[in-house]
Amino acid sequence: MSLKRNVLDLRKRKEIVLQGGGEEAIKKQAAMGKLTARERIEAILDKDSFHEYDMFVEHQAKDFDMDKKVLHGDGVIIGTGTIYGEPVCIYAQDFTVAGGSLGLMHARKITKIMDHALKMRMPLIGINDSGGARIQEGVDSLAGYGEIFFRNTQASGVIPQLSVILGPCAGGAVYSPALTDFVFVVDNISKMFITGPEVVKTVLGEEVSMEELGGAKVHAEISGNAHFFAHTEHECFEQIKKLLTFIPWSNQAKAKPFPSKPPRPEYNIEKILPSDPTQPYDVRDIIRSVADDSDFLEIQQEFAKNIVIGFGRIDGETIGFVANQPSVLAGVLDCDSSDKAGRFIRFCDAFNIPIVTFEDMPGYLPGVEQEHMGVIRHGAKVLYAYSEATVPKVTVILRKAYGGGYIAMNSRHLKADFMFAWPTAEIAVMGPEGAANIIFRKEIMNAENPAEMRKIKVAEYRERFANPYVAASKGYIDSVIEPSETRKLLKHAIEVSANKSVLTPCKKHGIPPF
Amino acid sequence: MSEIKYDKLEIDGAVYKTQFTQKFINRKKWQAPTPGIVTTHIPGSILDIHVKEGQEVKKGDLLCLLEAMKMHNKILAPITGIVKKIHMNKGDKLPKDAIMFEIE
C-alpha cells in the first residue's frame, strides 16, 4: 500500500465513525429538538479547534449478541479544543449511538479525558445525553460510572468541572453532574432523575411526567441541582463560554483579568436602597452599580432567590458576589439559601476568587418546616464556608445585620478582611421590635397604654442600637462609608489583599456540615 | 414589566414587605402528631390484615403487612388500645400517608 492509499483508508474509516448512529438516528435526534454530540462540541469550542481522541474505540461486550453490534466510538466523543483561545477538555455522549448508553469502553473514554484535564490543569466540560447504563454490559457499566465519580471527586477544587445536561441523565448517571461545580440545563431537553416516571408510578402510584419530575425548570427552581437554565442549546453554550471568562483554569491560577470598566450610569448606587428596613429592593442592582460595566453573571437565578450569588468584576478582576435579597422572603437565610451560598463560597475559595458580601437580612426563616428540615445544619454551612475561606473577604452591610445572620454573613468574627457599613446599617442582636419587646417587657406590660409604650421603646432602641456606630465603636466594623464610595473602597480592599497569606491548621480535610 | 406582587413576612415582630417563593408557599404545614392514627410511611399494597375492628391490641402487635419496594413491611401497633376503625381492605393499593388504622 502506498502512503496515499493508507491516508485514504484512514479517511474512509473516519468517515464511517463520523456518521455516529447513522442517518435515521440523527434525524430522530433533530426531531427531539436536539443537536448531535459533534455539533454541540463544535458550537461550544472555537472554530476548528477540536481534536478528537479515541475515535476508533469499540466495545468488547459479547453477551446478548453484543459481539454482532458496532457502536461507533462507543457512544461518546472526547477530545480537546479551545474556548476564546484557552484549552479545555470536553466529552459529549452521543445519543444516536445506542442511546448514548454507558458501557465499559464509553466510560474509559470519559475517564481518559478527565485524567487529561486534571493532569494538564484545564477545565472539563461534560455533555450528558444518555439513556443510562448499557444493561447488556452489566456490572462493567456500573464500574464505569464509579470510575467517573471517583475522578469527579479527585478533580473537585483542582480544575473547574462543568456538566451540561442535553438529554436524559438518569439513574446513577446523575451523580457525575452532582459532583461537578456547575450544571447547565435547557428547557424541554434536560431530564434528570434517579428513578424515572415509570418506576415512580409502579412503585409509588404517583403519576408524574418526566418534565414535572426532573425537567430543566424543576432543577433550576426547586431542587437547586442546576446552576444555569437556558431556553435553547445555543443560549446554554453562550452561558458556558461566559462563565469560563470569569473563572481560572485551575486552583493554582487566577481568573484572567480584563480591562477595567466603570459601571453603567443607569445603576445609581444612591437611588436603589429604601432606608426603611422593611421595604424591598433588588439587591442585584447594588451589585450592578459596583461591577465593571454593570456586568453580573448570576448563578442559580431561580433557586432560593432570597440569596443572590454570581460573578462580576471590579477593576478587571473576577469577584464572587454573595448578597441577601430583601425582595424575596425578606432576604432571610433558610436551608436552600444556605446550601446555595455555602457551596458558592467554597468554589470561590478553591479557585482564588475574592468574595464580596452585601448584607441586608433580618435573620433566619422561622417555622417548623425549616427547623425540621435542618436549618441548623444547613445554616452552619454558611458559617463553615466563610470561616474556612482564605481568599480576600469583604463585607458591606447595607441595612439589616441582625443576630445570627450578622455573624454568618462574613462578619469580622469569621475573619472578614474588610468590614464596611453604610450609614443605613442596623447592626444589632435583633431587630428593634423584637429587642424592645424583650428588654422593656415589664415597662410595656405595666404601661397604661402598652401599644403606645411599645412604640416609644422600639423607637428608643432603634435610635440607640439600630445603627452602625455601636459596632464601629468596638472595631467590628472598619469604616462607615457613603454609598457612593463603595466601588472605590471595594477596589481598594481587593488591591490591598493581593498578597493575602493565611496559615490554617494542618489537617487532612475539615468536616463541613454537609 | 409587570407589577411585582408583594406579601408580608413577620420576623421578630417586624413586618417585611417582600415576595414569597413558590416553594415557600407550597411548604408542608406542620401537624401535631396523632399516635393512634397509623398511616402508610411508603406507598404500597396491603397483603394481609391481622386485626379486626373492635379488637384490643398491644403496642408492637402486628396490624398488617404492607408490600412496598418488593419488601413486606410489618406494620405494628404504635400504642396499646382498641382498633376503632380500619380504613382499607386486603389488596388495596395505598399512597403515602394514607390512614390505615385508628387505635384508641
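Q: Which residues of helix 9 of chain A are buried, and what makes a residue count as buried?
A: In this predicted model, the buried residues of helix 9 (residues 216-223) of chain A are Ala216(A), Val218(A), His219(A) and Ala220(A). The word buried calls for 20 or more other C-beta atoms within 10 Å of the residue's own, so each of these four names passes that test.

Q: What do the buried residues of helix 9 of chain A pack against?
A: Their partners are strand 6 (182-186), strand 7 (191-193), helix 8 (210-214) and strand 8 (228-230) of chain A. Just after the helix, Gly224(A) takes a positive phi of about 75°.

Q: How do you know that the length of helix 5 of chain A agrees with what a helix should span?
A: Helix 5 (residues 139-155) of chain A has 17 residues, and at 1.5 Å a residue they should span 24 Å. The end C-alpha atoms are 24 Å apart, so the two values agree. Just after this helix, Gly157(A) has a positive phi of about 85°.

Q: Which residues have the most contacts inside the largest nonpolar core?
A: Phe184(A) and Ile240(A) have the most contacts inside this core, which has 139 residues. Helix 4 (residues 104-120) of chain A gives the largest share, 7 residues. A second, separate core has 14 residues, among them Val38(B), Ile46(B), Ile75(B) and Ile103(B).

Q: What does Ile240(A) touch, leaving out residues up to four places away in sequence?
A: Ile240(A) touches Ile44(A), Ile125(A), Leu162(A), Val164(A) and Phe184(A).

Q: Why are strand 7 and strand 9 of chain B said to stand at the edges?
A: The order in this open sheet of 4 strands is 7-6-4-9 (chain B), with antiparallel pairing. Strand 7 (71-76) and strand 9 (93-94) of chain B each have a single partner strand, so one side of each is left without a neighbour in the sheet.

Q: What makes strand 6 and strand 7 of chain B a pair?
A: Two strands pair if there are at least two bridges between them. Strand 6 (residues 62-68) and strand 7 of chain B have 6 bridges, in the antiparallel sense, so they pass.

Q: How many bridges join strand 3 of chain B to strand 10 of chain B?
A: There are 3 bridges between strand 3 and strand 10 (residues 99-103) of chain B, which run antiparallel. Thr39(B) has Ile99(B) as its bridge partner.

Q: Which element gives the most to the side of chain B that touches chain A?
A: Strand 2 of chain B does, with 5 residues. The contact takes 22 residues from chain B and 24 residues from chain A. On the side of chain B, they divide into 12 nonpolar, 4 polar and 6 charged.

Terms used
Residues are numbered from 1 along each chain as its sequence is written. Chains are lettered from A and ligands numbered from 1 in the order in which they are written. This is a predicted model: local features need pLDDT of at least 70, side-chain atom pairs count only at pLDDT 80 or more; totals for chains, interfaces and linings use all residues. A nonpolar core is a set of buried Ala, Val, Leu, Ile, Met, Phe, Trp, Tyr and Cys residues joined through C-beta atoms within 7 Å. A residue is buried if 20 or more other C-beta atoms lie within 10 Å of its own, exposed if 12 or fewer, and partly exposed in between; C-beta atoms are placed from the backbone. Helices (H or I, at least four residues) and strands (E, at least two) are DSSP runs, numbered from the N terminus. Two residues are in contact if their C-beta atoms, placed from the backbone, lie within 7 Å. Ala, Val, Leu, Ile, Met, Phe, Trp, Tyr, Cys and Pro count as nonpolar, Asp, Glu, Lys and Arg as charged, and the others, Gly among them, as polar. The expected span of a helix is 1.5 Å times one less than its number of residues.
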